[in-house]
Amino acid sequence: MKILTTLFLSLGLLLVAAAPVRAAENDPNLPPHIVGKRASEDVITALAKDPSIGKDKARALAFIDEKILPYFDFQSMTRLAVGRAWRDATPEQQARLTQEFRTLLVRTYAASLDTLRGAEIDYRPVNVGPNDKRAVVKGLVKRPGMQPLTMEMAVERQADGWRVIDLAIENLSLVTNYRSEFGMIVQRDGINGLIKSLAERNAPRENSTAAK
């Protein structure tokens, strides 16, 4: 699970990591594959210019916090990952689940950022109508010396732009993988048990600046 998650996240960075947001990139009417293309080019350029971003943990966390997190809807991702049990959770439990899941993903991003060096993605055009709320961005990930991988990124249109709500590599969904794990924990220990499990997983690096 850990290896699969790292692969999801490291490749996902290419799709959603971006330089400081420009007005055109943040336009919700702009096709999401164009946003992904510009963003991936920006992060590859940034890693090439400053190798320490991917090697130094503090710099990696700062880079992710500034360039990547604005392109994710962590609450929607958490809701989808928790599944049916989300509806039974109190607002306070939902907020705590979202925070812990966010922390877990961000720290995994930081550990995998350097694996992106030299990668490329070929994007397929996405036809999005003005009233479409969701879309799927498809791409082919190419890494030196490795077989290409297919990728699909589910995005949702929000007031200030497109946000990622799921990511799939070779038809394996990040949200679905976590949903299976989370479902077993909830069935055994309840919502509070899942919160405790995530908090314990994050606890060894509690002093990290990963999550705010």
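I started with E156: this residue counts as buried, at 16% relative accessibility. My cut-offs: buried is under 20% relative accessible area, exposed over 50%, partly exposed in between (1.4 Å probe, protein chains only). This is a predicted model, where local features need pLDDT of at least 70, side-chain atom pairs count only at pLDDT 80 or more, and totals for chains, interfaces and linings use all residues. Residues are numbered from 1 along each chain as its sequence is written, and side-chain values use heavy atoms, with hydrogens and water left out.

Next, which residue forms a salt bridge with E156? I found R134, with the closest N and O atoms 3.1 Å apart. (Salt bridge: a side-chain nitrogen of Lys or Arg within 4 Å of a carboxyl oxygen of Asp or Glu.) The pair links R134 in strand β2 to E156 in strand β3 (residues 149-158), 22 residues apart. Strands are DSSP runs of E, at least two residues; helices are runs of H or I, at least four; both are numbered from the N terminus. R134 is partly exposed at 46%.

I counted 6 salt bridges by this rule. One of them joins D122 and K142 at 2.7 Å, N to O. D122 sits in β1 (residues 120-123) and K142 in β2 (residues 134-142), so this pair ties together parts 20 residues apart in sequence.

Then I looked at helix α7 (residues 174-202), which spans only 18 Å between its end C-alpha atoms. A straight helix of 29 residues would span 42 Å (1.5 Å times one less than the number of residues). I found a kink of about 125° centred on D189; the bend is the angle between axes fitted to the seven residues ending there and the seven starting there. D189 also forms a salt bridge with R188, at 2.9 Å between the closest N and O atoms.
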